Structures are given as C-alpha cells and as structure tokens.
Amino acid sequence: MNFAGTETLLRKEILRFWKVAFQTVAAPVLTAVMYLLIFGHVLEDRVQVFPGVGYTSFLIPGLVMMSVLQNAFANSSSSLVQSKMSGNLVFLLVSPLSHWAWFAAYVGAAVVRGLMVGLGVLLVTVWFAPPAWAEPWWIVVFALLGAGMLGALGLVAGLWADKFDQMAVFQNFIIMPMTFLSGVFYSVYSLPGLWQWVSHLNPFFYMIDGFRRGFFGVSDVSPWLSLAIVGASFVAVSGIALRLLKTGYKLRH
Amino acid sequence: MPAIAFQQVGKTYSGARGPLRALDGVSFNIERGEFFGLLGPNGAGKTTLISILAGLARATEGRVQVMGHDVVADYAAARKSLGIVPQELVFDPFFSVRETLRIQSGYFGVRHNDAWIDELLAELGLADKADANMRQLSGGMKRRVLVAQALVHRPPVIVLDEPTAGVDVELRQTLWQFIARLNREGHTVLLTTHYLEEAEALCGRIAMLKQGRVVALDRTSALLAGTASTMLRFKTDHALPAALAPLARVTGRSVQLTAHDAAEVEALLGTLRGAGVKVEDLEIGRADLEDVFLEIMQGAHA
C-alpha cells in the first residue's frame, strides 16, 4: 500500500476545497442558517414534533446533517467532474495509486468537508436553541457514516457524469428529493401514509433520524435499525464505487 | 530485459460507425538507454500506443511491459518506472508550480523531494515561477511544468508525446538539452513528434506507424541510408511537366524530386529544360528523415 501517495491525494483533495473555503464551507453554512431563521421563525409556535422539544431545536440537527450530506456529496463529485473536464485527472491516472487509494482519499476529503460544514452550521445555530446532548455517540457515528456514504455516492456520480449538467441531474433529481423526503424539516410520521412508506425506503431518513437521536434521545425508529441500514448503504455504495474505480469506468478506455 | 516491450498489441475502439482498429499487432522493444522515436501521421495510433503504455487505455489484445513489469497486472511498478509528458496542455488551477510538483511526487510515494524539485525548476527555467499559480503561466511555461511533473519521481523511462507542439525555439533548445543529458545519464527516452528534424537529430532508432501497424523499424542512420538518398531541390514559378508532377513534393514555390543517382538527376533536369521550366536555387542534397518518412508512408499500404 502506497501510504504516502494516498495521504498526498487526501491532502490535495482537502486543499482543493479549503483554498476556496468561502464558497465550499462558508456559503453552505449561511444557507443552513437562512433555513433556520425562516422556518424556525414561522413554525416555532405551530409545530411540535417531539414532546417538550421546540421546533427550532428539532430543526437544528436536521439542518446540520443535511449540510453534512450535501457537502460530502458535492466535494467528491465536483472534484472528479472538474478534473475530468479540465483533463488534469491524467496526473492521477498515470500514478501508481490503487483504486483503494482513490477511494480513501476522495471519500476522506468528502467526509472532512461535510463535517466542517456541519460543525460550522452547529456552531452558528446552537445559539438559537441550545440542544441537549442526550446520546452523543450517535451524533458522531451517523455524521461519519452519512458523510462517508454521500462521499462514496459523489464518487460514483463524478465517475458517471461527463459534464456539469449531468451532475446537476444527479443532484437535483436524486440528492435533493432524498434530502427533502428524509425528515430534515418534520417527523415523517406527520406525512400521509404513502409518503411515510416512501420515506422509509430512503436511507437519508435513517441518517437524519439516527443523528437526531444523539441530541434528543428520542427517534422515529430504533437507532440500531438506522445504523444497520445506513451501514449497509455505505457498504453497498462503496462497493460500487470501488468496482468502478478498479475497472477504470469512464477513466481508462 | 528491455525498457519497454510491446508484444502483439492490438486495440479496437467501438465507435458509432462500427469498430475502429487503432492498433494491429504492434510488436517491438525499446532497449535501456535508447533515445527512440515513434513517428507516424495523425491517426496512425501513436497516442493510443502511448496511452496503453501509461495505463490510460487498455489494449484489446497483447501485452506491454515497462522494465519487465506488465502495465496491467503489475501496474504500480510499471507506472513508477514511467514518466509521461502528455500531449494536452493540462494543469490543476488550484495550485502553484511547487505545490503541483510536490503533489505529483507524493502520488508516487516520494516525500521530501524538494532538492530534486529545485533542480528540475532550475533546469527547466522555472525557478522564478515556483510560487506562481498554474493559471498565471504562459503556454510554454505550463509545458515546462508538465515535463517537470513527468520527471519528479525520477523514472528510468521517459515518454514525451509531442512535447514541442506549439513551443517556442528557446524552450525546445532547453528541453532537448535537458532530455539529452538525462538520456546520457542512462534514462530511456521514447519520443513522438511531428518535427522530423528533431527525431532525426535526437533518436538513435525509429519506428514508424501507419494505420495501426509498424511499417518501419530501424536505426535512424539505416533508415536514411536505405532509401533514395539524393534529392533534387529547386524553386520555380512554372507548372511542372505532366511526367514529373505526380513524383514531386511541392511546397509553394519549392519543389523536391527524388533521384537515385547522377543519371537520374540529369534526366530530370533534361525533362524540366525540355518543358521550358525555369529553375532557381537548384541544389542536390541527401535525403532527410522527412523524405524517408514520406516515401515509407506512400509505399506502405497497410
């Protein structure tokens, strides 16, 4: 295993977003704060999801996790598409790095960006409604696994897409609906039966529900079920990403 | 063990208009320490062959080895032995020249490489650009960085895919002096170029590709000796007589005709005089690689 090589690629991928942190970290934090201000203000007195938990408090973990997931996905996918389009992926293709090294570095950097943005959202929003830290280990576990899975999904999307508009299709028609139907803004039990059922097919729902469990100690489903589903999704998506990297899908003719 | 071994390499692309045979049974070796030229017209398969060597493409059949390492089964060792200067002028806009080189070095598992990076920067005239962002560099400067990136892990085999396309005279000189020095120090060099005078001056041995097949493979001197060795060159404003027109290579006013011996030269001049063609700047010279190249490309019907 070429550890120096893997570490170099990881560091390069982190530097890539960090050099434009205003756009890749600060901007998504601002977006999440806007959601909180508007939805929190309008709905605070009208919606109560968990007993004794205000709507703003309920919303904060959802927004944090949503930011983690979206930014983890955006990092690996946009980095790959950019490198493919500008042609500089050739420097990586002629290197001796294995598919494991590519995977570790791209997903690793996606996790770092996701967690940075998530932490940023948490640090800014926590002043609006200080959360309880009921079962903090779930916070860590679901943030890491969720970011990892979306980083791997971004890798798959980045390998598949040849252009930015194909990337946008993936983002707008898969990632966005899955995020919004995951219970970021509500408990899925407030939805009509069909949409409840659909939401239960969505791995994002289990990520957010498990993550929220860490703050409030209550959740829609058992955190162990969520862990099993999110873990299995991570393994499945990673398996696809590794397979595509190994066969050189759209990379090596 | 040769530096590079191509064994029956074939490549078929599946295109919209049916399969395209880019390479067909290409076999030859490049020995260690050689300065080897790979020539051929556009679409002959040069870049495909180099892509397979570098792992950017996969051969449909056959195998390729670099320093004894198979480029598929043992890709990590094969790629560590190779330094590729790609044809396209590509760069990563997020980084400076020095960062670019440190990153490339790191990919190959080489840390703490600043002494060699500084030497590369100095040799390629990039020392004062070390901290400039890649976006700020001119085309020629970007090309130099590509060369430095290819050499940053000190590969024993260097592959230059048309490195002087669109490059000014000064950089060509700097580049060739540096590459020639590396070659003297034992590096194997594989060069593809459209500038045949460069290939003639630099390469000890040459392979010519046409439509995916090797149509010539020999020492440069043998290629030059083995062909019609005399060329008649002149300038004229007149149209050539019908008997000579298909044999001539015409560039504007300049005309070149092949002549194998003195009698043929006399016959050609006689025909020209008979047709009333007024000839200026007449010279008789040895064939150069361009003549050999054209003769082989016209003669080889793959």
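Biologist: In β8(B), which residue is the bridge partner of B:Val159?
Modeller: The model is predicted. Strands β7 (residues 157-161) and β8 (residues 188-192) of chain B run parallel and are joined by 5 bridges. In β8(B), the bridge partner of B:Val159 is B:Leu190.

Biologist: What order do the 6 strands of the open sheet in chain B have?
Modeller: The pairing in this open sheet is mixed. In chain B, the order of the 6 strands is β6-β7-β8-β3-β9-β10.

Biologist: What is the average twist from one strand to the next?
Modeller: From one strand to the next, the twist averages 15°.

Biologist: What angle does the direction of helix α1 of chain B make with that of β7(B)?
Modeller: Helix α1 (residues 46-54) of chain B packs on the sheet and touches β3 (35-39), β6, β7, β8 and β9 (205-210) of chain B. Its direction and that of β7(B) make an angle of about 145°.

Biologist: And what angle does the direction of α5(B) make with that of β6(B)?
Modeller: α5(B) also packs on the sheet, where it touches β6 and β7 of chain B. Between the directions of α5(B) and β6(B) the angle is about 170°.

Biologist: Are α3(B) and α5(B) roughly parallel or roughly antiparallel to each other?
Modeller: Helices α3 (residues 97-107) and α5 (residues 139-151) of chain B pack with their axes 9 Å apart, at an angle of about 25°. Angles under 35 degrees count as roughly parallel. α3(B) and α5(B) are therefore roughly parallel.

Biologist: How many nonpolar, polar and charged residues are in the contact of α3(B) with α5(B)?
Modeller: α3(B) contributes B:Val97, B:Thr100, B:Leu101 and B:Gln104, while α5(B) contributes B:Val145, B:Ala148 and B:Gln149. By class, the residues are 4 nonpolar, 3 polar and no charged.

Biologist: How do the residues of the side of chain B that touches chain A divide into nonpolar, polar and charged?
Modeller: The contact takes 24 residues from chain B and 22 residues from chain A. On the side of chain B, α2 (75-80) and α3 each supply at least two residues. The residues of that side divide into 13 nonpolar, 5 polar and 6 charged.

How values were computed:
Residues are numbered from 1 along each chain as its sequence is written. Chains are lettered from A and ligands numbered from 1 in the order in which they are written. This is a predicted model: local features need pLDDT of at least 70, side-chain atom pairs count only at pLDDT 80 or more; totals for chains, interfaces and linings use all residues. Axes are lines fitted to C-alpha atoms, for helices over the stretch in contact, and angles run from 0 to 180 degrees between N-to-C directions. Helices (H or I, at least four residues) and strands (E, at least two) are DSSP runs, numbered from the N terminus. Angles under 35 degrees count as roughly parallel, over 145 as roughly antiparallel, 65 to 115 as roughly perpendicular and the rest as oblique. Two residues are in contact if their C-beta atoms, placed from the backbone, lie within 7 Å. Ala, Val, Leu, Ile, Met, Phe, Trp, Tyr, Cys and Pro count as nonpolar, Asp, Glu, Lys and Arg as charged, and the others, Gly among them, as polar. Two strands pair if DSSP finds at least two bridges between them.
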